[in-house]
Each structure stands twice: as structure tokens, then as C-alpha cells.
Amino acid sequence: MRRTRGVRLAAGLLALGLGLAGCGSKNNDSGSSGGTTTAGSAAAANLKIGLAYDIGGRGDQSFNDSAARGLDKAKSEFGFEVKELEAAAGETEAQKEDRLRQLVEGGYNPVIAVGFAYAESVGKVAGDTPDVQFAIIDDATDGVDVGKNIANLTFAENEGSYLVGAAAALKSKTGNVGFVGGVNTPLIQKFEVGFTMGVKAVKADATVQVKYLTQPPDYTGFNDPAKGETAAKGMFDAGADIVYAAAGGSGNGVFKAAKANTKLGIGVDSDQYNQPALADVKDVIITSMIKKVDVAVYDFISSVKNGKFVAGQKVYDLKAGGVDYATSGGKIDDIKAKLDDYKQKIISGEIKVPEKK
Amino acid sequence: MRSLTPRSVLLGLIAPVGALVFAAAVSAVILLATGHDPFDTVDAMATAAQRPRTLVNSLNTATSYYLSAVAVAIGFRMKLFNIGVDGQYRFAALLAAGLAGAAFMDSLPSFVRVALTILAAMLVGAAWAGLAALLKVTRGVSEVISTIMLNAIATYLVSYLNSPERLAVSTAGSNNIGTPKITEGGRVPGFEIEGSSSKVFGLVFLAVLVGFLYWFVLSRTRFGFELKATGLSESAAVASGVSVKKMVIVSMLLSGAVAGLVGMPELLGSSYSYSLNFPVGVGFIGIAVALLGRNHPIGMAIAALLWGFLFNTANSLDTAGVPREIVDIMQGVIVLSVVVAYELVRRYRVRAEQRAVGHALGRTKTAEEVTA
């Protein structure tokens with residue numbers, strides 16, 4: 001019997017540990033921010049905005065936080081009531097759909113879904129509630145989430161990544177650069193494709209080392225600086241001198257490795273040179289590929305506010321200013337003219353950056 | 001089987017119920033300490049319990065949890081830890097989805113398509129678990145280690161296969177990636193419920209059937225007896241002519257085959273495709289559910305329903321301004337306290353039985369009598 005007991009206890013602890021390991025750290029205040037705010041005098045209509053985050057939610061230092069910034073800006077300017085809900089690990093479609101329906105049932109309109117994981121549920125719920133206006137970020141699939149009351153806000157990450165790829169090649173002394181992707185998904189592959197093409201456009205014989213930190217459904221690659229550091233160190237050891245971190249929170253590790261090896265790094269999503277959390281390593285960040293999710297969220301809310309909701313896909317590309325490269329820190333001032341030249345060529349259509357390999 | 005007296009029923013219930021009350025109390029303290037009103041939580045859960053959609057979703061979630069728990073329990077009854085249910089069901093779901101979504105399946109009758117899909121999933125699950133069994137009987141590798149490693153390997157294999165060059169299709173404008181959608185004839189229709197936008201999975205009955213077979217095989221067949229006997233005492237089983245190696249292989253294969261079913265209700269009843277959105281981690285939840293339900297077919301069903309309900313109230317909690325993480329805390333505390341409570345009740349029971357036997361033999365002396 002003694003063995004039985006030990007075994008049972010061990011199993012309990014194991015189950016618990018494995019369960020907890022899946023949760024990761026989360027910021028708790030996202031759920032409690034649902035209080036009513038009095039409408040500012042500027043608001044023409046008093047909107048109730050519902051927003052559903054992807055896993056990680058507010059406080060993920062990455063994609064979700066960017067959407068939260070756009071929401072906060074709209075909230076403080078217009079004084080709308082907002083409700084933020086967040087996805088959990090291990091969900092099926094049913095829980096995502098339920099989340100959107102609860103927002104609709106609570107009278108929230110418009111409803112914003114952050115991330116392509118919501119594609120099917122937005123399509124379904126929007127079809128059932130034609131009076132509610134929806135926005136989904138990062139997805140526009142015909143027959144799934146395209147409809148009369150859905151705005152599809154997508155980004156040309158490939159174009160922005162092309163520019164930082166060109167910057168990497170122009171700045172590299174060894175002709176060898178690296179790409180660290182968070183998780184190997186089609187979305188992050190878009191960053192890789194653009195980056196590689198940008199590098200080759202400058203230096204056709206340059207080497208691009210590519211490494212993804214994790215494979216789906218293991219999404220820890222977006223939030224594991226230690227993995228990022230190891231991957232980047234490996235690339236520096238193999239001759240790279242600049243590494244592009246398209247890996248969310250794992251990017252911190254990439255920059256740490258760059259600093260330790262006196263090499264350079266490139267940031268992603270926001271202007272990472274100016275991120276307070278990265279103040280220690282900011283001198284190695286030469287530029288960042290900015291993806292303006294906050295702008296998209298804010299624009300969407302103000303379009304609804306002004307009664308100018310537009311259904312269908314809105315592409316935030318270089319032309320629309322939805323993606324760009326950052327110049328903070330002045331480390332790429334010397335090549336800015338060349339980069340802007342590439343930028344113009346992409347905008348005019350002279351250079352076409354593919355989304356897939 | 002123990003005889004059912006009011007006393008034994010009470011003793012059986014006191015551990016899980018006590019653990020639930022304890023978990024509720026701990027959660028209330030945590031909520032109070034973080035400045036939330038515990039009654040808001042109760043309120044939000046009560047609201048959720050009255051919403052048909054939440055109940056249907058809870059039942060559907062519980063279906064997968066239950067299958068996963070049975071898969072784990074088959075191993076548990078033999079002291080085998082199949083920690084690899086997670087990898088087994090994901091790998092099985094992907095390959096079954098690839099098969100079910102393949103174009104040649106369209107010409108087959110609906111029943112055959114569904115049966116083939118489910119069979120494929122069971123075979124893949126069994127094969128993946130079988131690797132661990134093989135390593136155990138031939139090289140003595142602990143199944144705990146090998147199944148955990150096989151989980152990681154399954155993740156990489158699934159990721160490799162779930163790409164446009166192999167089993168998946170990529171759709172323009174979508175950042176998701178998955179196997180082609182299973183067409184109408186390959187799906188299992190659900191049941192409409194008044195007032196709910198979700199349907200009850202048709203494969204709920206598969207879970208019931210699996211539960212029944214689990215009970216039947218374990219308590220009504222020679223194989224089940226040998227399995228339990230091996231779990232209770234390997235040496236005694238060997239002495240009475242049971243081949244332990246054979247038992248390890250067969251029970252791991254069965255466990256893996258049931259694990260293969262875990263993804264089927266979702267695949268054939270809702271998602272119709274294995275994509276990046278396919279639920280993960282159900283294999284680990286099964287361990288908790290099996291522990292909570294004490295490997296008993298009915299106990300695990302109740303535990304699965306409870307877990308499914310708690311999971312599906314998270315959105316309502318979030319909406320009511322209660323941090324959704326309280327669900328994780330509750331589940332964690334329930335598992336821990338249930339394990340402790342079962343142990344306390346077991347000790348009490350053993351002591352009570354010893355006393356009863358002593359009285360019956362009329363030879364028992366109290367401590368005072370002994371020292372006197």
C-alpha cells in the first residue's frame with residue numbers, strides 16, 4: 001500500500017505541475033477593468049466596446065498589449081465603456097464563440113477580436129447578429145470571417161520585415177544575419193519571408209540563419225527569453241552579427257545575447273528601442289519592425305464612432321503606414337536614404353514582397 | 001466490491017465533497033485577499049449554470065475530458081503512468097483529420113467514413129503509446145519518462161505534418177493552418193438544444209460507451225481481473241501465472257487507443273479540421289479528472305462534468321469582473337485536497353476495519369488494557 005500512496009501523491013503533484021506549467025504568468029488586471037466610465041463630452045455616441053484578446057491578454061508585452069494601447073487611447077479620448085475578455089490555453093472554438101456572444105449579449109457593440117484564432121467564431125457570431133459591428137485582427141478568409149458587419153484588419157508584416165532585412169544586410173559586416181521566430185506558424189513565416197528577401201535584395205550572397213523557438217501548439221516561444229538568448233548566441237557563434245527577433249517577449253533574450261557578444265539586434269511589433277523594459281539592452285537595437293495594431297484598433301473604433309464603419313479587409317501595409325521601420329537611437333541614420341528608397345519601391349509596387357515561401 | 005451500507009457511502013462521499021468545500025473556502029480567501037467579492041464569483045457561476053449554451057459547452061468539454069480520464073485510468077489501474085495521452089490524442093487527431101478530410105473519402109458512405117476516422121485515431125493513439133510500452137518491456141525504460149518525451153516528439157511531428165506540403169491546406173487571407181475541412185458526410189451530427197447556439201456532440205455516446213466498456217472489462221472479465229491484480233501486486237500476479245510484459249503492452253495499447261478518441265468529439269462535431277486552434281492539454285487534464293474520480297467510471301464522469309463546467313464558466317467570471325484565473329486555482333486546490341482527503345479517509349477506514357475485525361474476534365484490547 002505504501003507504494004500506492006506514494007504513487008497517487010506523485011500523480012497528483014504531477015498533474016498539478018503540468019497543469020500549472022501550461023498557464024504561464026498572466027496579468028490579472030485585465031479582467032477587472034470592466035467598470036463603467038462616464039462618457040466624455042466629446043463622444044457623439046456612447047459606445048460600449050467589447051474586446052477579446054488572444055492567449056496572454058493584456059500584459060503580454062507584445063501583440064495583445066499593442067491592441068490594448070489602441071483601446072486605451074480610444075477610451076481616454078472618447079470616454080467609452082469597454083469590456084476586455086481574454087482567451088485561455090486549451091480552448092476550443094466553443095469557448096471563443098461564447099466569449100464573443102457574451103460581449104454581444106452584454107450590449108457591447110462594436111466587438112473587436114484580437115488574433116486569427118477568432119476567425120471562425122467571429123464569422124459565426126457576426127452572421128447571427130447582423131446589427132453588431134465586428135473587427136478581427138490578422139485574418140481575412142473568404143467564407144469564414146468576411147461579411148457585411150466585419151472589418152478585417154490585416155498587416156503586411158512581410159513588407160516591414162523586408163525593410164529591416166535590408167537594414168540588416170546594409171549594416172552587417174560579416175554578410176551573415178539571423179532570424180529568430182517565436183513560434184513556427186504561417187504568421188511568423190511571413191516575417192521570415194520578407195526579412196530574407198530584404199537581406200538578399202541588398203546582398204544576394206548573404207547568409208540568413210533561421211531558427212524558430214517552438215513549434216505549435218507550444219506557444220511558449222513568444223515568451224521565453226532564455227530560448228531566444230540561446231538561439232541568438234548560436235547564430236552569433238556561427239558568424240552572424242545581426243539578429244532579427246520576431247519572437248514577442250523572447251526578443252529580450254536575443255538582445256541580451258547580442259549585448260554579451262557585442263553584436264546587434266532588430267526588434268519587432270513596437271519601437272523596442274524605446275521600451276522601458278529593454279532599457280538595459282537598447283544600445284544594440286538598431287531598428288524595429290513596427291506593426292501598428294494599436295493604430296488599427298484606434299482607427300476602427302473612431303470609424304464606428306463617426307458612423308463610418310467599413311466592412312471587409314483593410315490592409316495595414318507600408319503604403320497605409322500600418323507597418324514601418326523604426327529610427328529611434330539613430331543607428332541607421334546613415335542608411336536611411338537607401339531604406340526609404342526600398343520603401344518607395346514597395347509602395348509604388350516596383351518591388352513585390354511575397355507572403356509565403 | 002464493498003457492500004453498500006450508508007456508512008460506506010458516506011465515507012466514499014466525504015473525501016470529494018470535503019475537498020470541494022475546502023477548495024471553495026481557499027478560493028474565497030484568495031478572492032477576498034485580492035479585493036474581490038467571493039459572492040460575485042458564485043453569482044457569475046450561477047448565471048453561467050442557467051445559460052443553456054454554457055451547459056452544452058460544458059457537456060461537450062466534459063466528453064473529451066472523460067475520454068482522456070479513461071485513457072489515463074486504464075494505465076493507473078496497473079500502476080502505469082501514461083503521461084503521454086496529450087501527445088497521443090494530438091497526433092491521432094491530426095492523422096485522423098488528414099484521412100477524414102482526404103478527397104477519396106467523399107465517395108464512401110457516411111457511416112464508413114466516421115468509423116474509419118475513429119478507427120484510424122485509435123490505431124495511431126495505440127501505436128504511439130505502444131512505443132512507450134515496447135521500451136518498457138524490452139529495455140526497462142520508465143513509461144513516465146518515455147511518454148513525456150513522446151509528447152514532445154509528437155508536437156514536432158504534428159507541426160511538421162501540419163504544413164501545406166504535407167497534410168494541411170493553406171487558405172488565402174488566413175493565418176491559420178490545418179487539414180482540409182471534413183465534408184458533410186464525414187461529420188457526426190450533434191443535437192440541437194433549445195436556447196443554445198452550440199449543439200451537443202453526437203459523440204457524447206461514444207464516451208458513454210467507452211465508460212461502460214471500461215467498467216465491463218475491468219470488473220467482469222478475466223483480463224480486467226489480471227490487470228487489477230498486476231497493479232495491486234506484481235509478484236502475486238506473476239505467481240498466479242500472469243505475464244506482466246503482456247499486461248503492460250496490452251494495457252498501454254488500450255490506453256493509447258482510448259487516448260486517440262479524445263480529439264474525436266471536437267474534430268467530428270465542431271472543428272472538422274485539425275488546425276492551430278485544436279485544443280491542447282486535454283491529456284493532462286485527464287490525469288486530474290482520473291484522480292478526482294478515483295478511476296471509477298461514474299466518479300470520473302462526475303469529475304469531468306465538474307471540470308468542464310468550471311472551464312466554461314471562465315468567460316462569465318471574466319465578464320463579471322472576477323479574474324478568470326480563479327478557475328485554475330480552484331481546480332488545483334481541488335486536486336490537491338482530494339488526494340489528501342482520500343488518503344485520510346483510507347487510513348480511517350483501515351483503522352475502523354481493524355477495530356471491527358478485532359471486536360468480531362473478541363480478542364481486542366485497548367491501549368489501557370495492554371499497559372495495565
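Residues are numbered from 1 along each chain as its sequence is written, and chains are lettered from A and ligands numbered from 1 in the order in which they are written. Because the model is predicted, local features need pLDDT of at least 70 and side-chain atom pairs count only at pLDDT 80 or more, while totals for chains, interfaces and linings use all residues.

Confidence comes first. The pLDDT is the predictor's confidence in each residue, on a scale from 0 to 100. Chain A has a mean pLDDT of 88, and 87% of its residues reach 70 or more. Over residues 1–44 of chain A, however, the pLDDT is below 50, although this stretch has 67 contacts in the model beyond near neighbours in sequence. Two residues are in contact here if their C-beta atoms, placed from the backbone, lie within 7 Å. Where pLDDT is low, the predicted coordinates should not be read in detail.

Chain A may be described next as a whole. Its secondary structure comes to ten helices and twelve strands; helices (H or I, at least four residues) and strands (E, at least two) are DSSP runs, numbered from the N terminus. Of the 357 residues in chain A, 58% are buried. A residue is buried if 20 or more other C-beta atoms lie within 10 Å of its own, exposed if 12 or fewer, and partly exposed in between, with C-beta atoms placed from the backbone. Among the contacts in chain A with a separation of 6 or more, 70% join residues 24 or more positions apart.

The two chains also touch each other. This contact takes 50 residues from chain A and 48 residues from chain B. On the side of chain A, the elements that give two or more residues are α1 (2–21), β2 (81–86), α3 (93–105), α4 (119–128) and α6 (186–202). Helix α1(A) gives the most, with eleven residues. By class, this side of chain A has 20 nonpolar, 16 polar and 14 charged residues. In this classification Ala, Val, Leu, Ile, Met, Phe, Trp, Tyr, Cys and Pro count as nonpolar, Asp, Glu, Lys and Arg as charged, and the others, Gly among them, as polar.

In soluble globular proteins, nonpolar side chains tend to be buried together. A nonpolar core is a set of buried Ala, Val, Leu, Ile, Met, Phe, Trp, Tyr and Cys residues joined through C-beta atoms within 7 Å. The largest such core has 212 residues, of which A:V180, A:V243, B:A69 and B:V289 touch the most other members. Helix α3 (residues 52–76) of chain B supplies the largest share of this core, 14 residues. The core also draws at least three residues from each of domain 1 (25–155 + 294–316) and domain 2 (157–291 + 327–348) of chain A, the bounds coming from an automatic or database domain assignment. Leaving aside neighbours within four places in sequence, A:V243 is in contact with A:V177, A:G178, A:V180, A:A232, A:M235, A:V254, A:A258 and A:G265.

In strand β5 (residues 150–155) of chain A, six of the six residues are buried, so the strand is largely enclosed by the rest of the structure. A:I150, A:N152 and A:T154 point one way from β5(A), and A:A151, A:L153 and A:F155 point the other way. Strands pair if DSSP finds at least two bridges between them. Four bridges join β5(A) to strand β4 (residues 134–137) of chain A, in parallel, with A:I137 opposite A:L153. Five bridges join β5(A) to strand β11 (residues 312–316) of chain A, also in parallel, and A:Q313 is the bridge partner of A:N152. In chain B, eleven of the eleven residues of helix α12 (residues 282–292) are buried, so this helix too is largely enclosed by the rest of the structure. B:R294, with a positive phi near 50°, follows α12(B).

Some backbone details remain. The peptide bond from A:N109 to A:P110 is cis, with omega near 10°, and A:P110 is in the loop between α3 and β3 (111–114) of chain A. The bond from A:P216 to A:P217 is also cis, with omega near 5°; A:P217 is found in the loop between β7 (207–214) and α7 (225–237) of chain A. A:D269, a residue other than glycine, has a positive phi near 70° and lies in strand β9 (residues 264–269) of chain A. A:D269 counts as buried because it has 25 C-beta neighbours inside 10 Å.
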